[in-house]
Protein chains: 2
Amino acid sequence: VRYIDAFNHFFPKRYFDALLESPSGAKDIGKRVRGIPALFDLDQRLRVVEQFENYAQVLSHGLPPVERLFPADKSPEMARVANDGLAEIVAKNPKHFVGYSALLPMNAPEAAAMEAERVLKNGANAIQLATNANGAPIDEKHFWPIYEVIEKSGRPILLHPSRTRQMPDYPTETYSKYEICSVLGWPYETGVTLSRMRTTARCSRA
Amino acid sequence: VRYIDAFNHFFPKRYFDALLESPSGAKDIGKRVRGIPALFDLDQRLRVVEQFENYAQVLSHGLPPVERLFPADKSPEMARVANDGLAEIVAKNPKHFVGYSALLPMNAPEAAAMEAERVLKNGANAIQLATNANGAPIDEKHFWPIYEVIEKSGRPILLHPSRTRQMPDYPTETYSKYEICSVLGWPYETGVTLSRMRTTARCSRA
C-alpha cells in the first residue's frame, strides 16, 4: 500500500439498519447517505477501492452523529455496535482498509469516556468527534475526562463538521438558508471548535 | 496622490458626541474607539496622514452601526449628521481625504433609501453597510429599495463585519466566548452576507 485515505466514511450493516429506523436517520443527512450505496454496501465499496492500485482507506463513521440519532440510554450501546462493526470490517479486509476511527456517544459523557478507553485498547486508530454535541460546544467540562483518555493513547481526534440547518446564521431567523450551514458553516464551526478547545485547555491549565 | 487607502474610519465631531451619549456607545466597540484619538480628533488624524508621502484616505464611519446606537425615530437624523460630517471634512481637506462612504439608518428602511439617494447625489463615493442590521440579515425584502438606489448610482457597497458577543456560536450558549465573534465570526458573517445577497438577488430575479 502506498496511498492511504485517512477519512473515509462507511456504515457497518447493524449500525446502518438501526440508523434507518431512528427518527433523525429518516431526514437530512440520513436521507442523503441512503442514495450512495458505496457508503453502506461492502461489496460495492470494495469494488471502488480496488479500482486504485496501491491504495487503502482508514474507515470512519458518517453523519448524523450517534448522539443525534439515539437518546442517552441507547447511544452507548449503538456506539459499541458502530465501532465493533468498523473494527470487524478492517480485520477481515486488511488489504483495503488499514484502520478506522471510532465514534463516541457524546450525549452520555461518562459512557463516552469508557467507550474511548475500550476502542483505543482494541486498536482504533483515532476518535472522530462532531464539532458540536447536539448543539453544545465539545469543550464543556463534563467532556474533559474523554480527552484525558484520548491524550493518554497518543492517537488523534478527527473533527467532523456537523452544523445543521437548525442552527440559524442570524438571531432573527429559525434556520440557516441556502445550505450556508454546511458550505460556510462547516469550515466556520471547525475553526470555532479548534479555538475553543485550545483556549479552554490553556485556561484550565493556567 | 499615488496611494489611496479605501476603508479608513473617522468619526466627525457632532456624530461622535452623540455616540458617546447613547447607551450602546458607552460599551463594547464604543468604549474601544475612545482610546484611539486619531479616530475622532481631526488634527491628530491629519498628522498621521501627513507622515506618508503621496498618500490619501477615503473616510468611512466606524462601529457601532448607527441603527445599534439610535432608535428608528432618531437614526435617520443621526445618519445625516454623520454623513454630512464626513462630507464636510473631505471638502475642507481634499489633499488628505479624497472621498468618503456614507452610512444608512437600517432600522428605518424607507429613510435609509432616501438617505442613500441624498448622499449619492451629494457625492458620497460608496455606501457602508454592516453585515447585520441589529441582528437581521440585510437581504430582507424591506431593504431592497435601498439596493435599487445604490445600483442605479453604480457606486459600491462596503461591507463592515458587525457580529457581537451577543450572537452566540452555539444554540446552548448566550454569548460568543474568547472573541470568536470577531476573530472568526467577522470573516464568517461577511461571507454569509455576500452569499445571502447574491443568492436572494438571483432567486428574486428568476
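How many bridges join β1(B) to strand β2 of chain B? The legends below answer this question and describe further close-up views of the predicted model.

**View 1. Pairing of β1(B) with β2(B) in the predicted model.** Strand β2 of chain B covers residues 55-60, and five bridges join β1(B) to this strand. The two strands run parallel. Within this pair, D5(B) lies opposite Q57(B) of β2(B).

**View 2. The open sheet of chain B.** Five strands make up the sheet, in the order β1-β2-β3-β4-β5, and their pairing is parallel. The edges are formed by β1 (3-9) and β5 (157-160) of chain B; each has a single partner strand, so one side of each is left without a neighbour in the sheet. From one strand to the next, the twist averages 30°. In general, strands of a sheet pair through backbone hydrogen bonds, in either a parallel or an antiparallel manner.

**View 3. The open sheet of chain A.** In chain A, an open sheet of five strands has parallel pairing and the order β1-β2-β3-β4-β5. Why is one side of β1 and of β5 of chain A left without a neighbour in the sheet? Both β1 (3-9) and β5 (157-160) stand at the edges and have a single partner strand each, which means that one side of each has no neighbour there. The average twist from one strand to the next is 30°.

**View 4. Pairing of β1(A) with β2(A).** Here β1(A) is joined by five bridges to strand β2 of chain A (residues 55-60), and the strands run parallel. D5(A) has Q57(A), a residue of β2(A), as its bridge partner.

**View 5. The interface of chain B and chain A.** Chain B contributes 29 residues to the contact and chain A contributes 28 residues. Between them the chains bury about 2300 Å², of which 63% is on carbon and sulfur atoms. Eight residue pairs are in polar contact between chain B and chain A, counting pairs with both residues at pLDDT 80 or more. On the side of chain B that touches chain A, helix α9 (residues 185-205) of chain B supplies the largest share, 11 residues. By class, this side of chain B comprises 11 nonpolar, 10 polar and eight charged residues.

**View 6. A salt bridge between chain B and chain A.** Two salt bridges are found across the interface of chain B and chain A. One of them pairs R196(B) with E173(A), whose closest N and O atoms are 2.8 Å apart.

Note on methods: Residues are numbered from 1 along each chain as its sequence is written. Chains are lettered from A and ligands numbered from 1 in the order in which they are written. This is a predicted model: local features need pLDDT of at least 70, side-chain atom pairs count only at pLDDT 80 or more; totals for chains, interfaces and linings use all residues. Side-chain values use heavy atoms; hydrogens and water are left out. Contact means heavy atoms within 4.5 Å. Buried area is the accessible area (1.4 Å probe) that two parts lose on being put together, summed over both. A salt bridge is a side-chain nitrogen of Lys or Arg within 4 Å of a carboxyl oxygen of Asp or Glu. A polar contact is a pair of N or O atoms within 3.5 Å; within protein, one must be able to donate a hydrogen and the other to accept it, and residues adjacent in sequence count only if both atoms are side-chain atoms. Helices (H or I, at least four residues) and strands (E, at least two) are DSSP runs, numbered from the N terminus. Ala, Val, Leu, Ile, Met, Phe, Trp, Tyr, Cys and Pro count as nonpolar, Asp, Glu, Lys and Arg as charged, and the others, Gly among them, as polar. Two strands pair if DSSP finds at least two bridges between them. Axes are lines fitted to C-alpha atoms, for helices over the stretch in contact, and angles run from 0 to 180 degrees between N-to-C directions.
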